[in-house]
Amino acid sequence: MKVKNVFATKWGIIGVGAFIGMIAPMLQKLGNPGNMGICVACFERDIAGAIGFHQAAVVQYMRPEIIGFVLGALIAAYLFREFKPRVGSTPIVRFFLGVFAMIGALAFLGCPWRALLRLAGGDLNAILGLLGLGFGIWIGTLFLKKGYTLGRSNATRAAAGWLLPLMLVLFFVLMLIYPQVQDEPKSGVLFYSIKGPGSMHAPVVISLLIGLAIGFFAQRSRFCTMGALRDMILFKQMHLFSGIVALVIFAFLMNLILGQFKAGFTGQPVAHNLHIWNFAGMSLAGLCFALAGGCPGRQLFLSGEGDGDAAVFVLGMIVGAGFAHNFGTASSPDGLGPHGIAGLVAGLLFCLFIGFTMMKKNA
Amino acid sequence: MKITVDARGLSCPQPVILTLDEIKKTKKEEILVLVDTDTSKENVIRAAISQGCKVKEVSSEEGEYCISIQKS
């Protein structure tokens with residue numbers, strides 16, 4: 001008989017939200033970029049840059065937090081006998097949902113985690129992003145109610161579930177073999193930003209350990225920012241939502257303590273104040289997350305549990321970051337990318353195509 | 001009288017949607033929900049309780065769960 005999972009209780013999810021809320025501003029204090037103590041989309045984008053998938057010199061760094069998220073979830077899953085290798089729920093669709101989720105998130109400049117952290121740091125543009133996120137998720141719930149499904153996954157061999165964690169272990173080993181060299185844009189095969197957000201980071205070991213801790217607790221609690229809004233819209237259920245509320249409150253208090261709170265729309269770190277595009281970017285991202293069944297953080301934790309379909313979504317996001325920067329769809333603090341609007345339109349058309357076609361028959 | 005909902009292998013939130021649909025629709029008194037992850041198990045139990053149903057029994061076999069829900 002297994003022990004009861006205390007993290008899946010109401011106080012469990014609130015505790016994990018509070019933990020992430022306290023830790024993220026501390027990571028910022030230790031060197032991570034402004035209002036970006038943790039951002040799954042930004043950090044996966046930085047990883048894409050570190051391995052040369054894009055050449056945006058200011059956002060290239062192998063973020064140990066992401067590696068820790070997956071490995072921490074893997075450890076938790078093994079300890080509590082929840083490692084279940086599974087694949088086969090339309091992975092190709094999940095890959096492109098990941099690609100367009102990234103294109104949407106980089107139009108706004110952040111994943112849902114960072115949207116919450118930006119709000120907690122006083123960046124009022126995050127309000128538009130969060131409204132967009134809710135709007136995108138709401139559209140996703142309409143498809144879900146109509147019978148949208150990517151089909152069932154099937155159990156598979158452990159090796160398949162290990163692939164993404166192993167890739168990230170290899171990435172970390174590469175970081176040890178080719179560590180950052182002061183003022184050098186490249187060390188061995190890895191790119192390292194020498195200015196911009198990619199150059200700002202907490203010490204490697206601290207980033208990894210915090211990533212492991214968050215991965216562990218998030219796997220136990222099923223923390224999910226998309227699920228928080230989706231369950232509220234779909235079932236009027238507040239369980240996961242209480243987790244993100246705790247995150248915002250504790251991150252806000254930590255920012256006050258650390259002197260990192262500054263309210264306003266302008267002059268915010270790694271942000272722009274184009275309200276329509278902040279809303280639209282997160283709408284696309286939210287719709288992609290809803291159609292894929294989890295926010296980008298949750299997809300990492302599921303990957304750690306052996307979910308090969310979530311792992312494909314993660315790879316889609318990393319490749320999507322390459323598209324976003326190579327094709328100029330990603331925003332910057334100066335505003336929208338030259339092809340930002342085209343990227344969002346393409347993403348919206350893709351999501352509608354998938355939403356309308358992936359319906360269970362007779363539903 | 002029982003009815004079975006097979007939610008194995010489905011992503012969030014489909015196991016919960018299928019369970020709630022059946023709770024609303026069926027005239028049978030007992031619903032058996034099959035799931036294959038702990039997350040789905042917890043979500044289905046939470047949803048059933050929120051609808052005022054009783055969770056009679058949760059049995060597990062080879063990594064899968066069968067949740068027995070009693071309609072009130």
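**A chat about chains A and B**

Modeller: Happy to. Of the 72 residues of chain B, 40% count as buried. A residue is buried if 20 or more other C-beta atoms lie within 10 Å of its own, exposed if 12 or fewer, and partly exposed in between, with C-beta atoms placed from the backbone. This is a predicted model, where local features need pLDDT of at least 70 and side-chain atom pairs count only at pLDDT 80 or more, while totals for chains, interfaces and linings use all residues. Residues are numbered from 1 along each chain as its sequence is written, and chains are lettered from A and ligands numbered from 1 in the order in which they are written.

Colleague: Do β1(B) and β2(B) pair in the parallel or the antiparallel sense?

Modeller: Parallel, over 5 bridges, with β2(B) covering residues 30–35. Within this pair, Ile3(B) has Ile31(B) as its bridge partner.

Colleague: Which residues of β2(B) are on its covered face?

Modeller: Ile31(B), Val33(B) and Val35(B) are on the covered face, whereas Glu30(B), Leu32(B) and Leu34(B) are on the uncovered one. In a regular strand the side chains alternate between the two faces of the sheet.

Colleague: New topic: how many residues of chain B are in contact with chain A?

Modeller: 17 residues of chain B are in contact with 20 residues of chain A. On the chain B side, α1 (14–25) and α2 (38–50) are the elements that give two or more residues. α2(B) gives the most, with 6 residues.

Colleague: Where is the cis peptide bond in chain B?

Modeller: It joins Cys12(B) and Pro13(B), with omega about 0°. Pro13(B) sits in the loop between β1 (2–6) and α1 of chain B.

Colleague: Which residues have a positive phi although they are not glycines?

Modeller: Arg222(A) is one of them, at about 65°, and Glu62(B) is another, at about 45°. Arg222(A) lies in the loop between α8 (204–221) and α9 (225–235) of chain A, while Glu62(B) is in the loop between β3 (54–61) and β4 (64–70) of chain B.

Colleague: Are those two buried or exposed?

Modeller: Arg222(A) is buried, with 27 other C-beta atoms within 10 Å. Glu62(B) is exposed, with 6.

Colleague: Why is helix α2 of chain A largely enclosed?

Modeller: 11 of the 11 residues of α2(A), residues 40–50, are buried, so the helix is largely enclosed by the rest of the structure. What covers the buried residues includes α3 (64–79), α4 (91–108), α5 (112–120), β4 (190–191), α12 (296–304) and α13 (308–326) of chain A. After α2(A) comes Gly52(A), whose phi is positive, near 80°.

Colleague: Last one: which residues touch the most other members of the largest nonpolar core?

Modeller: Of its 139 residues, those are Ala73(A), Phe100(A), Met102(A), Leu106(A), Cys288(A) and Leu291(A). A nonpolar core is a set of buried Ala, Val, Leu, Ile, Met, Phe, Trp, Tyr and Cys residues joined through C-beta atoms within 7 Å. Not counting residues up to four places away in sequence, Leu291(A) touches residues including Leu97(A), Phe143(A) and Ile354(A).

Note on methods. Contact = placed C-beta atoms within 7 Å. Helix = DSSP H or I, 4+ residues; strand = E, 2+ residues; numbered from the N terminus. Pairing = 2+ DSSP bridges.
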